[in-house]
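Please look through the sequence and the model shown below before reading on. The briefing that follows takes up the nonpolar core and then the surroundings of the ligands.

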Amino acid sequence: MTYVVNDKCIRCKYMDCVEVCPVDCFYEGENMLVIHPDECIDCGVCEPECPAEAIKPDTVPGLEKWITLNAEYAKQWPNITIKRDAPADAKEWDGVEGKEQYFSDKPGEGD
Ligand code: SF4
Ligand code: F3S
């Protein structure tokens, strides 16, 4: 089992999650983060910290696409362990449906 970041993170990218993860297993893309499935210890601490409710255990139905995407991009994007400011328009994107279309495969800055 692992925890997974889904499309609710896209363009919100609050980064509260990185501060609480005990094993620093978040990786940063241009407009969302992902969790490395082999590093996550399933502690669940990050789930309630995300204001956008973008983090779920992989046992939740319907997450297949995001399980694959987290595993793929955690290998490509830089590690992030220190929270920076969220995008200026993060709140405007919070809860918007269909954000998958805005997914960017470009890497973020990392720490
Ligand atoms: Fe990190 Fe725990 Fe969240 Fe996994 S469940 S990403 S180990 S805080
Ligand atoms: Fe994304 Fe939530 Fe973390 S919006 S960056 S998963 S706090």
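Of the 33 residues in the largest nonpolar core, those that touch the most other members are Val5, Phe26, Met32, Val34, Ile35 and Ile55. This is a predicted model, in which local features need pLDDT of at least 70 and side-chain atom pairs count only at pLDDT 80 or more, while totals for chains, interfaces and linings use all residues. Residues are numbered from 1 along each chain as its sequence is written, ligands are numbered from 1 in the order in which they are written, and side-chain values use heavy atoms, with hydrogens and water left out.

**The nonpolar core**

- A nonpolar core is a set of buried Ala, Val, Leu, Ile, Met, Phe, Trp, Tyr and Cys residues joined through side-chain atoms within 4.5 Å, where buried means under 20% relative accessible area (1.4 Å probe, protein chains only).
- At least two residues of this core come from each of strand E1 (3-5), helix H1 (16-20), strand E2 (26-28), strand E3 (33-35), helix H2 (64-74) and helix H3 (90-93), helices being DSSP runs of H or I with at least four residues and strands runs of E with at least two, numbered from the N terminus.
- The largest share of this core, four residues, is supplied by H2.

**Around the ligands**

- Ligand 2 is surrounded by residues including Cys9, Lys13, Tyr14, Cys17 and Ile55, each having a heavy atom within 4 Å of the ligand.
- The shell around ligand 2 divides into nine nonpolar, no polar and two charged residues, with Ala, Val, Leu, Ile, Met, Phe, Trp, Tyr, Cys and Pro counted as nonpolar, Asp, Glu, Lys and Arg as charged, and the others, Gly among them, as polar.
- Among the residues around ligand 1 are Tyr3, Cys21, Phe26, Ile35 and Gly44, and its shell divides into 11 nonpolar, one polar and no charged residues.

Key:
Buried < 20%, exposed > 50% of the residue type's maximum accessible area, 1.4 Å probe, protein only.
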